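I opened this notebook to record what I looked up in the model. The entries follow in the order in which I took up each topic.

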Amino acid sequence: MSEVADSEDSTLPHVPETPADSHGEDASNEPTAQSVPKWPFRLTRVMVCLTWPLIWVGGLVTTYDAGMSVPDWPGTYGYNLLLYPLSTWLFGPFDLFIEHGHRLLAALVGFIAIGLVIASLKTEKRRWAIGLSVLVLAAVIGQGVLGGLRVTLSARTLAMIHGCVGPAFFVLCVIAACVTGRRWLADSVRQSAEGTSERTPTAFWPISLLVLAYMQLVLGAMMRHALPGFSPVGFAHIVKTHITIAFILWLTTGVAYWRMRRCGDLTLSRPAGALICFVAIQIGLGFATWIVNYGYPQMLASLSVADSYLLHSKNVLDAWIVTGHVATGSLILAVSSLLLVRLLRRRRVLSFSVSS
């Protein structure tokens, strides 16, 4: 997350903005190093730090089949969500603990999103940044409603959609943290570009990473929330597609890193390099997840360890492997979005610097 959270205490030289730097607005609306609103960035950073654990806990809910452990919504067994007895939650059944905890953490993210909108209205001069904060709030409300309808309607299809929308909301939080930080400033972008190649890579590779990463999430959700009437042939086809795209994604991260490294901008090459590691970890977790859920693949059936392996109810390690696979996919999507946004910002700032 260090790529998202920029230090507030860093000092940047003040370079007067041109009207073109303000994205179509008055130059006075473009924040400077001395006038960057602190609260929007602080709140978006907290949201990023809370949303990834929220995805982890949501993944645990599905891993333990605890989604229906609380049958009502928006309350919990008739109680107000925030007033449910603490002792019952902490010392009750584990499926109740993680499901209610998931709801509490989601509510906390929602309250922070409300604070973000208020802080943006009071301190932000960029209208589009205010609109982004409103979009973040609308997204977290929509995600909460999806989760509630999944419970009240007991619909696995809604659970699958809920699992696909969560990572998209995480992407919104990362983008909001990026555009409210100091590295978004035009003079900060120019400072990062000093001594680097004047030619900025195209957005094709980051966009490809985003598309491939989200396709993987959707396919994974279809496997994880497979409907009762799903045919074995269709499931096998999804599994093969999921595996194929995983290696295509890994290859794409290598090409993207090579292209970003050539321009010499560390704000681009570092997240691109991190993606190579994240996808490699994700492939390993995916292989382990398959073993936990279905046993060793047929191609490895001849190994002695495969003969002695038995499927059993998931222990703590198994649950964390499966859930880690889900959460790492969201992290890959978020870092890909960070790379794309930074690249587009660099292209815009440098193109205006040349034209002016």
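I took helices to be DSSP runs of H or I with at least four residues, numbered from the N terminus. I note at the outset that the model is predicted.

**Entry 1: I130.** With that definition, I located I130 in helix α4, which covers residues 127–153.

**Entry 2: R190.** I found R190 in helix α6, residues 186–193. R190 is buried, at a relative accessible area of 18%.

**Entry 3: α1 and its packing.** Helix α1 has 26 residues and spans 38 Å from its first C-alpha to its last, close to the 38 Å expected at 1.5 Å a residue. I next asked at what angle α1 and α3 pack. Helix α1 (residues 38–63) meets helix α3 (residues 94–123) at about 160°, and the axes are 9 Å apart. Angles over 145 degrees count as roughly antiparallel, and α1 and α3 are therefore roughly antiparallel to each other. I recorded their crossing as left-handed. By class, I listed 20 nonpolar, seven polar and one charged residues in the contact of α1 with α3.

**Entry 4: the loop after α1.** D65 follows α1 and belongs to the loop between α1 and α2. Its phi is positive, near 55°, in a residue other than glycine. D65 is exposed, with a relative accessible area of 67%. P74 is also placed in the loop between α1 and α2 (86–91). I noted a cis peptide bond between W73 and P74, with omega at about 10°.

**Entry 5: S154.** I found S154 in the loop between α4 and α5 (156–179). Phi of S154 is near 50°, a positive value in a residue other than glycine. At 48% relative accessible area, S154 is partly exposed.

**Entry 6: the UniProt record.** The unreviewed UniProt entry gives "transmembrane region" at several spans, including residues 104–121 and 158–181. I checked both against the model. Residues 104–121 are 100% helix and 0% strand, with end C-alpha atoms 26 Å apart. Residues 158–181 are 92% helix and 0% strand, and their end C-alpha atoms lie 35 Å apart.

Definitions and conventions
Residues are numbered from 1 along each chain as its sequence is written. This is a predicted model: local features need pLDDT of at least 70, side-chain atom pairs count only at pLDDT 80 or more; totals for chains, interfaces and linings use all residues. Side-chain values use heavy atoms; hydrogens and water are left out. UniProt positions are given in the numbering used here, feature names are shortened, and annotations may be inferred rather than shown by experiment. Helices (H or I, at least four residues) and strands (E, at least two) are DSSP runs, numbered from the N terminus. Axes are lines fitted to C-alpha atoms, for helices over the stretch in contact, and angles run from 0 to 180 degrees between N-to-C directions. Angles under 35 degrees count as roughly parallel, over 145 as roughly antiparallel, 65 to 115 as roughly perpendicular and the rest as oblique. A crossing is left-handed if the near helix is turned anticlockwise from the far one by less than a right angle, and right-handed if clockwise. Ala, Val, Leu, Ile, Met, Phe, Trp, Tyr, Cys and Pro count as nonpolar, Asp, Glu, Lys and Arg as charged, and the others, Gly among them, as polar. The expected span of a helix is 1.5 Å times one less than its number of residues. Buried means under 20% relative accessible area, exposed over 50%, partly exposed in between (1.4 Å probe, protein chains only).
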